[in-house]
Amino acid sequence: MPPPPRDLELLDRILAGEEEAFASLVERHQAMLVRLAMVFVRDRAVAEEVVQEVWMAALEGLSRFERRASVKSWLVSIAANLAKTRGQRERRSTPFSALAPPGDENALAVDPARFAANGGWASPPERWDEETPERLSLRRESREWIEMAIGQLPEQQRAVMTMRDIDGLGSDEVCNVLGISETNQRVLLHRARSKVRAALEQYLAGEVNRC
Amino acid sequence: MLTCQQLTELVTDYLEGRLTLGQKLSFQMHLGMCRHCRSYLKQMRLTLRTVGKIDVEKEVPAEVREDLLKRFRDWKNRGGSGPAP
């Protein structure tokens, strides 16, 4: 099977008026754009409206897109601008970086009870030799468990982890979109990832016990 | 000497390539000697790879797709973004 066409190739075909190429680009990026919009507007229906606007803005700006950035980054910047504007219009005008702090600045990556007084593991992590990302992500139960863990993260942490680890955006893009510093971004990412790892550990321990 | 607990707090900086050279050496030296921390790092990597794969968002809803394609045709009929046909 030939590899799927690259984004830039799709752009050329869209410029040539090919509807299928546009549909492919939409399929490829829609979910990411909706998740991004939801950082600023929260309501899913509104986020979907914003993303419709994103696609229209992208079509209108297509011939001026200079292609120095990736298509994905370009769409992300359009979406961030439109979603922020919409969020403000809906009086949800709190800029992201001014939101209340997550309240767990002193939170540790791992429950301190798991360490001995000298800082060594008292209750060490399992090796997880049997697990693979494929197995864990395909099984509905473990997938839902992870989605729940991400869903329960404080807003800022959830936004950063979603953009970095689900949507594969770079730290610089995340900082730009959210208006936060690189250090702050990394702290949020660390908190989020640590919690999701702990949740997965809890899930796998329960699974072992159930067997 | 880095403790196991300290290592768990540096994991993200390590994965992000943000440790200083000295920190990175201590981190790797600790890993070399500590199988539990190797397990921890492995768990973290597995977690992240799994999270990267859970994006099983359903397809674009049919009505959203239809609406977009309709707007695409309008755009195209207006001459797209190129010179009018």
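In which helix of chain A does A:Asp172 lie? The legends below describe a predicted model.

**View 1. Setting of A:Asp172 in chain A.** A:Asp172 belongs to helix H8, which covers residues 171-178 of chain A. The residue counts as exposed because 11 C-beta neighbours fall inside 10 Å, and the exposed class extends to 12 or fewer. Between the C-alpha atoms of A:Asp172 and A:Leu10 there is a separation of 25 Å, the two residues being 162 residues apart along the chain.

**View 2. Contact between chain A and chain B.** Chain A contributes 47 residues to the contact and chain B contributes 42 residues. On the side of chain B that touches chain A, at least two residues each come from helix H1 (4-15), helix H3 (35-51) and helix H4 (62-77) of chain B. The most is given by H3(B), with 12 residues. By class, this side of chain B comprises 14 nonpolar, 14 polar and 14 charged residues.

**View 3. Packing of H1(B) against H3(B).** The axes of H1(B) and H3(B) lie 11 Å apart and form an angle of about 20°. The two helices H1(B) and H3(B) are therefore roughly parallel to each other, as angles under 35 degrees are classed in this way. The crossing of H1(B) past H3(B) is right-handed.

**View 4. Residues joining H1(B) and H3(B).** H1(B) takes part through B:Cys4, B:Leu7, B:Thr8 and B:Val11. From H3(B), the contact includes B:His36, B:Cys37, B:Tyr40, B:Leu41 and B:Met44. Seven nonpolar and two polar residues make up the contact of H1(B) with H3(B), with no charged residues.

Definitions and conventions:
Residues are numbered from 1 along each chain as its sequence is written. Chains are lettered from A and ligands numbered from 1 in the order in which they are written. This is a predicted model: local features need pLDDT of at least 70, side-chain atom pairs count only at pLDDT 80 or more; totals for chains, interfaces and linings use all residues. Two residues are in contact if their C-beta atoms, placed from the backbone, lie within 7 Å. Helices (H or I, at least four residues) and strands (E, at least two) are DSSP runs, numbered from the N terminus. Ala, Val, Leu, Ile, Met, Phe, Trp, Tyr, Cys and Pro count as nonpolar, Asp, Glu, Lys and Arg as charged, and the others, Gly among them, as polar. Axes are lines fitted to C-alpha atoms, for helices over the stretch in contact, and angles run from 0 to 180 degrees between N-to-C directions. Angles under 35 degrees count as roughly parallel, over 145 as roughly antiparallel, 65 to 115 as roughly perpendicular and the rest as oblique. A crossing is left-handed if the near helix is turned anticlockwise from the far one by less than a right angle, and right-handed if clockwise. A residue is buried if 20 or more other C-beta atoms lie within 10 Å of its own, exposed if 12 or fewer, and partly exposed in between; C-beta atoms are placed from the backbone.
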